[in-house]
Amino acid sequence: DPIESAKRSAAIRAVADHFPPSARYIGIGSGSTIVHVVDAIRALPASYNTASTIFVPTGYQSRQTLYNAGLRDIKFDSLPRDTLIDVAFDGADEVDEELNCIKGGGACLYQEKLVATHARKFVCVADHRKLQARLGSKWPSVPVEVEPLAANTVVEQLRALGSKGAKLREGQMAKAGPIKTDQDNFIVDAPFGRLLLKGDVGRKEKLEDGEEKGTGEREWEVEALAKEIKLIEGVLS
Ligand code: DER
């Protein structure tokens, strides 16, 4: 399968380039690409001493992946107090040329962000399909984790920011009603159309592919929107 082999080569390259020998703490994200990252870590030579490395999972699927690989993980009740995580490996749903990422396709974005922000280095492992000139080109919306009690308010706030189609993520199969995250929260998927890079704001000519920009009333530059959403999500920056 060409996609799986693209994920696998991205994972092998990421581990070869960024996994430090005798690492103390390594963050492990969620999704299907990260499974190839864990396989590549298991294949590292003994000199990497991974038996003494502590792997920090980012949710139940991440923990299960580590368990299946026989890697030791911490009981993730809190981040390591005494130090930062050496490197956090994770996937993404879409990445732009400034390495901004859309995350949350797997609804694991809260713990992923927590671990990523406590790591010295964040390594995003993504095959060619994920790289787009601008976020929102292929991945249709920005996932936002929300406390169930605040869900309707947050949907209204996102719509006020221009995401007319913001809505709760419903369980597609075998789950009536909204899905729950590992933190027992809901996910709101908020389409904002294509998100602009810093250099785009104020540019006159149409962006290269000329397609209709944005889907809401206004166009958003990636960082400005991320700041607004962090306020709504209350995620520690
Ligand atoms: O939810 C996320 O952000 C994950 O990293 C995930 O969406 C990546 O998934 P994939 O590696 O299966 O594409």
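Visitor: Before anything else, what counts as a pocket here?
Guide: A pocket is an open set of points on a 1 Å grid over the protein atoms alone, with protein on both sides within 12 Å along at least five of seven lines. The model is a predicted one.

Visitor: OK. What volume does the second largest pocket have?
Guide: About 260 Å³. Its lining has 20 residues, and those closest to the centre are Ser30, Gly31, Ser32, Ala92 and Asp93.

Visitor: And how does that lining divide by class?
Guide: Five of the lining residues are nonpolar, eight are polar and seven are charged.

Visitor: Now the ligand. Where does it sit?
Guide: In the second largest pocket.

Visitor: Which residues come nearest to the ligand?
Guide: There are 14 residues around the ligand, and Ser32, Thr33, Asp93, Lys103 and Lys130 come nearest. By class, the shell has one nonpolar residue, eight polar and five charged.

Visitor: Take threonine 33. How far is an N or O atom of its side chain from a ligand oxygen?
Guide: The distance is 2.7 Å.

Visitor: What about the backbone of glycine 91 and glycine 105?
Guide: A polar backbone atom of glycine 91 is 3.3 Å from an oxygen atom of the ligand. For glycine 105, a backbone N or O atom lies 3.2 Å from a ligand oxygen.

Visitor: How much of the ligand's accessible area does the protein cover?
Guide: On its own the ligand has 350 Å² of accessible area, and the protein covers 90% of that.

Methods. Residues numbered from 1 in each chain as written. Predicted model: local features only at pLDDT ≥ 70, side-chain atom pairs only at ≥ 80, totals over all residues. Heavy atoms only, no water. Near = heavy atom within 4 Å. Polar contact = N/O pair within 3.5 Å; in protein donor to acceptor, adjacent residues only side chain to side chain. Areas by Shrake-Rupley, 256 points an atom, 1.4 Å probe, with all protein chains shown as cover. 1 Å grid on protein atoms, 1.4 Å probe; cavity = no way out; pocket = protein on both sides within 12 Å on 5 of 7 lines; lining within 4 Å. Sits in = over half its atoms within 2 Å of the grid points. Nonpolar A, V, L, I, M, F, W, Y, C, P; charged D, E, K, R; others polar. Points joined across faces, edges and corners; volume = space filled by probe spheres on them.
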